[in-house]
Each structure stands twice: as structure tokens, then as C-alpha cells.
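Visitor: I would like a close look at the aromatic side chains. Please take me through the rings and then through what surrounds them.

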Amino acid sequence: MVTKNKKIPFFLMIGILILAFASGLMAKQNPADVADQGFAKVAVDKYSRTLSNISNWSYWLYYDGKSANDPDGDSGGIYPRSTAGVIFIDGIVWGGYVMDGDTSKPALRVGGQTYNIGTTPGWVETAGDGVNPPVAASADDPRARIYRIRQDYASLVSKDKDGNTVYSAAVKQDAAEVNFTSSTNVTDAMMQAVVDQYATDWKEWPTDLGAPYYDEDGNGEYNPVLVDGVPQIGEWDDATQSYTTYYDRPGVAGADQVVWFVVNDLTESRTLKLYGSPPMGMELQVTAWGYNQPNSTLGQMLFKKFKFINKSGYNIDSMFVAQWADPDLGNYSDDLGGCDVDLSLGFAYNGFRTDSQFDPFGLPPAAVGYDF
């Protein structure tokens, strides 16, 4: 693990696309300062972290808002998947003037995630009304976790002629990455846990909290067709091996894998540690998705959507939102950055044609960009 001591953050415009291109940002803190807990679960059946890894990316996401940092506190945005890191850590940052009239606190306030995480898992249960402050749901609520789905999860497991369970290669790779281990150390239990979690999250997809879904009947409500409590995709035609009708179901944008979680900025100790600011009263819903197209353009992208909901009870004036990132293209010591205003693209690239962390894979160093 590489440790960097300089603390120069790299700011980029708000990103809903993270793109990588296989082809001096020296900002990393000591990984021990940002490392997550060693266990993926913070409680029974409550996951604190997961991966967006259906495309050519492997990208860590956490239920408190941290992203692109692995469980050991090192680079957690890996591209191409199963090779070297291109992002050490990133997050979303926002700021504005909270017009609550409280002169004892600054009106200009800032929230989000950088090396410090200014958000807390969970939604805002009760919005502020100008007299009473907003109240967040307990971070200990079983539903205040991170969710990950793919509608083809059941097809990842089959039976051989002797009735033995057979896991697909995709499940094995997924299990290795989620458990932060090598493929040789993956067990059947790990692979089954991956499939089971996909099934659980599909069944418990929290649309009432804001998780996206396909409104196939167009009535503005989530009305899935359930079998044993499980949302069905639609009517299947064996003759054509395709769906003839689709039902309301979890998902977004035709994606092959979707990650969703919700956080809030109501924990003052966290916002003060971030930028010395009181909370703004913000709920943030995050959706990340990808496509199982490793050889296409879509497969080189990770899509992210941020939904901000002001639940402070007050107006927020002149609010700005920015994508914050510390990209590391393999070896961090020779990275460069820039932007293309016309494309609304912030990017980073390697200063040399080779890189010590990409060399073992026979690859040139990747480049990475955030597109608004």
C-alpha cells in the first residue's frame, strides 16, 4: 500500500458519468485516516459497502457516502476491472447560504464527502418546519444500508446433472471483489452470499425511500407483481425466449446493475469535521449504475445520479454542487490533470506512457474523467 502525505485536493465539476480511457496530482492522505471498518456488515443483513462492478469498472461505494476508496483505505476506483487503481477516493460537495436567521451560526454552510465524510447513513425522517429542526432516521435502522441489484441474479447459479450447485464465472469474480480477496480464496459460501444479497436487495428495494424503479403501468406508483414477495420482471414467452409484458420493478436506465443508498448531513460532528460547518439539512439520494458491456463504450463508464432534497425548513440561497476527487492513475507521483470546458469534462492522466502499477498487466496507464 502506498502512503502519500501531501494533501492537495483535486476538484472537478459534478459528475454523473465517470469515464476511463485505457490508453502532479499528489493528494492522497495516509490510508489509515480514511480506511473503512474491516467488515462489510455492520449488523446482521445490513451491508455497509458494496461494488459497482458489472462494467469494466470495479468501484467501491459505502452507505455513509464515501466512494472510490477500498476497505484497506487505498484506491477504490479500479479500471480496467481487476487491474490497477485510477481513483483513490472521491465524493460530492455542496454549499450554500441557509436562510434560517440564526446569527449564532454561519449562513454559508458546506456538506458532502472528501477525505472526511460529512454525511450519515439514512434518510431524513421528519423535515424541518422553520421552528423544529429536521430529524434523521436512525443510522441503526435496518434499512439504512446500501442496496445492489441485478435482475438476472437467479441465472448466475445453476445445477449440474448430479444436482450440484454451479456458480458462474461472473459470480466468482464478483465474490472475490466484494470480499476483497483473490479468486483462489473464494468459497461457495462467498458466492452464495453474493447471489443471496442480490435476491434480498431485489425483494427489499426501498422505492418508498426514493430508490428508482420502472413505472411500466405509468400510474406514478410502484405496483410490482409479487410472487412470494418477490417483484416479477414480466410475462415470459418460452417460444421466443423473451418478455412480452413488463411489470413495475426495481432499476433504472436499462442498467444491468444498480446501487442505491441515501444519506443525510444532520450529524453536526461529521459536518464540522468536514469543513467546520453546521449541517444544512440536506438529504442526498445516490444511484450508481453500469452496463455489462465490457468491450463497448458504455462498459467503460460508471453512471451516478445525485438527488438533493432540502429538508431544513429554510431556503438555501446560491447553492453550488461540485464533484470532488483524488484520482491516482496507478503510481500517483506522475499524474496530471486538466479540463475541457466545452465538454464539461474534468480529467486526469499519466505523465508517462508506462506506469509501474499497470505494467504487470501489460497495459498502458488509464486516464479518467468526470463528465457533467
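Guide: Start with Tyr349. Its relative accessible area is 34%, so Tyr349 is partly exposed (buried means under 20%, exposed over 50%, partly exposed in between, with a 1.4 Å probe and protein chains only). Phe347 has 24% relative accessibility, so Phe347 also counts as partly exposed.

A word on the basis. The model is predicted: local features need pLDDT of at least 70, side-chain atom pairs count only at pLDDT 80 or more, and totals for chains, interfaces and linings use all residues. Residues are numbered from 1 along each chain as its sequence is written, and side-chain values use heavy atoms, with hydrogens and water left out.

Now the rings. A pair of aromatic rings is described by the distance of the centres and the angle of the planes. Rings of Phe, Tyr and Trp (its six-membered ring) pair if their centres lie within 6.5 Å; planes under 30 degrees apart are stacked, over 60 edge-to-face, the rest tilted. The count comes to 16 aromatic pairs. Take Trp289 and Phe303. Their ring centres are 5.7 Å apart and their planes meet at 10°, so this pair is stacked. Trp289 lies in strand E23 (residues 282-290) and Phe303 in strand E24 (residues 301-310), so the contact ties together parts 14 residues apart in sequence. Strands (E, at least two residues) and helices (H or I, at least four) are DSSP runs, numbered from the N terminus. Both Trp289 and Phe303 are buried. Return to Phe347 and Tyr349: the centres are 6.1 Å apart and the planes are at 40°, so this pair is tilted.

Trp57, Tyr59 and Tyr79 form one aromatic cluster. Tyr79 has a further feature: a cis peptide bond joins Tyr79 to Pro80, with omega at about -10°. Pro80 lies in the loop between strand E7 (77-78) and strand E8.

Two rings carry a charge above them. A charge sits over a ring if NZ of Lys or CZ of Arg is within 6 Å of the ring centre and within 35 degrees of the ring normal. The charged end of Arg143 sits over the ring of Trp123, 5.8 Å from its centre. Arg150 has its charged end over the ring of Tyr198, 5.9 Å from the ring centre.

Next, the packing. A nonpolar core is a set of buried Ala, Val, Leu, Ile, Met, Phe, Trp, Tyr and Cys residues joined through side-chain atoms within 4.5 Å. The largest such core has 34 residues, of which Ile18, Trp57, Tyr59, Val86, Ile87 and Val368 touch the most other members. E8 gives the most, with 5 residues. Apart from this core lies another, of 32 residues, among them Leu19, Ala137, Tyr147 and Leu345.

Stay with E8. Val93 is placed in E8. Its relative accessible area is 10%, so Val93 is buried. The C-alpha atoms of Val93 and Trp324 are separated by 6.5 Å, yet the two residues are 231 apart along the chain. Tyr97 also lies in E8. At 38% relative accessibility, Tyr97 counts as partly exposed.

Phe180 has a positive phi, near 55°, and is not a glycine. Phe180 lies in the loop between helix H1 (169-178) and helix H2 (188-203). Its relative accessibility is 36%, so Phe180 counts as partly exposed.

A salt bridge is a side-chain nitrogen of Lys or Arg within 4 Å of a carboxyl oxygen of Asp or Glu. The structure holds 11 salt bridges. One of them joins Arg148 and Asp174, with the closest N and O atoms 3.2 Å apart. Arg148 is in strand E13 (residues 147-149) and Asp174 in H1, so the link spans distant parts of the chain, 26 residues apart. Both Arg148 and Asp174 are buried.

Last, the whole chain. The secondary structure comes to 3 helices and 28 strands. Of the 372 residues, 50% count as buried.
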